[in-house]
Amino acid sequence: MPKISKKGIAMPESPIRKLVPFAEEAHKQGKTVYYLNIGQPDIKTPPLALEAIKTSTLDVLAYSRSEGSEAYRKKIAKYYDRNSIDVSHNDIIVTTGGSEALLFAFGSIMDQNDEIIIPEPFYANYNGFSTASGINVVPVISKIENNFALPPIEEFEKLITSKTKAILICNPGNPTGYLYSKEEIKKLAAIVKKHDLFLIADEVYREFVYDGISHYSILEEPGLEQHAIVIDSVSKRYSMCGARIGYLVSKNKDVISTALKFAQARLSPPTLAQIASEAALDTPQSYFDDVKEEYVKRRNTLIEGLERIPGVKVAKPNGAFYCIAELPVKNSDDFAKWLLESFDYENSTVMVAPAAGFYSTPGVGLNQIRIAYVLNEDRLKTAVKILTEALKVYKD
């Protein structure tokens with residue numbers, strides 16, 4: 001019988017999606033399931049984006065340029081300019097989601113068995129993208145005790161070898177919601193310049209920053225032009241996850257020209273989704289102000305509720321819409337399945353993402369979960385109540 005590849009066998013399951021069959025079965029049993037597992041906002045997509053699709057006069061849904069339409073990329077460059085980031089449309093490649101942007105970045109700067117250092121916990125699919133690209137993740141652990149702040153630079157220095165090609169951060173962070181400070185970005189900039197590495201920043205949650213703190217992009221850091229690669233996306237910013245439009249941004253011309261070859265190989269990003277995404281760039285600031293205010297309320301409701309549960313430890317996020325909570329259980333994977341298979345409170349239960357899948361170090365994060373606060377306040381309060389009651393009766 002033909003065999004599956006070693007790479008295919010090594011590909012990790014998604015901790016976010018692997019429990020879907022259990023949730024579907026819970027539905028069949030008549031339970032209401034509160035989804036805290038996935039970053040699918042319930043925020044309305046800007047009407048401008050949807051209207052652009054409805055009013056499109058295209059006669060043929062044709063390919064676009066491999067790097068994305070010029071008009072769209074010029075408009076993206078103006079968006080960055082409004083955010084104090086100086087880039088040209090020629091520094092941008094439009095991709096099929098931020099995921100493809102990351103795959104293009106990995107393919108452009110790393111070879112088989114090269115290494116990338118990532119502070120963990122990190123977005124679970126970084127593991128998958130690394131496996132698919134044949135490269136090795138070298139983790140540096142950040143801890144819930146200090147709110148998942150950047151580990152000491154000395155910890156990064158210890159891990160750098162001749163195989164190290166880049167450091168990757170998510171800012172603000174998925175799954176922690178941690179926001180890297182300007183000082184932390186400068187420390188990372190110093191180390192990548194010292195060791196001639198790339199610094200990749202996944203900045204898709206740039207708009208979701210709270211408590212009066214400002215986001216500082218690696219593209220704003222002077223002297224980092226040849227080292228900085230930004231991954232971006234419309235998915236969360238405009239609540240357009242299904243558009244599957246992202247972009248890779250770098251002032252390093254070799255990175256862009258190399259990534260373009262990968263873009264040409266997959267032909268083009270989706271044309272209709274680019275039309276919607278271009279229109280979304282005209283979304284008024286009031287939309288983002290309202291969204292940010294809503295997420296602050298949700299975050300506060302969730303964190304305050306979790307802190308009242310005996311034995312639960314939670315890190316307060318300053319950005320994105322996720323948090324990591326440490327539970328008084330041995331294995332959150334087993335707990336998450338039990339919630340869906342065997343528990344209900346007033347015929348309702350919750351679906352969470354076990355956090356071990358957001359680490360690459362074996363045995364770390366086993367008693368943690370990631371929660372996405374993408375539900376309204378009332379539903380979050382109910383979800384926290386369900387978790388509270390579940391932990392009262394759960395037995396490892």
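The paragraphs below treat the sheets, then the cysteines, then a surface patch. The model is a predicted one.

Start with the sheet of 7 strands. This sheet is open, and its order is β2-β8-β7-β6-β5-β3-β4. The pairing is mixed. Look at the two ends of that order. β2 (92-95) and β4 (136-141) are the edge strands. Each has a single partner strand, so one side of each has no neighbour in the sheet. On average, neighbouring strands here are turned by 20° against each other, with direction ignored.

One point to find by eye is Ile92, which stands opposite Val249 in β8.

Move on to the sheet of 4 strands. Its order is β9-β10-β13-β12, and it too is described as open. Here the pairing is antiparallel. The edges belong to β9 (313-314) and β12 (353-354). Each of these strands pairs with a single partner, which means that one side of each is left without a neighbour in the sheet.

Pro354 has Ile369 of β13 as its bridge partner.

Next, the cysteines. How many disulfides does the structure hold? The count is 0. Cys170 is in none, and the nearest cysteine sulfur, that of Cys241, lies 14 Å away. A disulfide would need the two sulfur atoms within 2.5 Å. Cys323 is in no disulfide either. For Cys323 the nearest cysteine sulfur is that of Cys170, 15 Å away.

Are these two side chains buried or exposed? Cys170 has 8% relative accessibility, so it counts as buried. Cys323 is buried as well, because its relative accessible area is 0%. The cut-off for buried is under 20%.

Finish at the surface. Ile53, Leu58, Leu61 and Leu272 form a nonpolar patch there. Together they have about 330 Å² of accessible area. Leu58 sits in the loop between α3 (47-54) and α4 (70-82). Its relative accessibility is 43%, and therefore Leu58 counts as partly exposed. Partly exposed covers the range between the buried limit, under 20%, and the exposed limit, over 50%.

Terms used. Residues are numbered from 1 along each chain as its sequence is written. This is a predicted model: local features need pLDDT of at least 70, side-chain atom pairs count only at pLDDT 80 or more; totals for chains, interfaces and linings use all residues. Side-chain values use heavy atoms; hydrogens and water are left out. Patches are made of residues with over 30% relative accessible area and no salt bridge: like charges are joined within 9 Å, nonpolar side chains (Val, Leu, Ile, Met, Phe, Trp, Tyr) within 5 Å. Accessible areas come from the Shrake-Rupley method with a 1.4 Å probe; for residues, only the protein chains shown count as cover. A salt bridge is a side-chain nitrogen of Lys or Arg within 4 Å of a carboxyl oxygen of Asp or Glu. Helices (H or I, at least four residues) and strands (E, at least two) are DSSP runs, numbered from the N terminus. Buried means under 20% relative accessible area, exposed over 50%, partly exposed in between (1.4 Å probe, protein chains only). Two strands pair if DSSP finds at least two bridges between them. Axes are lines fitted to C-alpha atoms, for helices over the stretch in contact, and angles run from 0 to 180 degrees between N-to-C directions.
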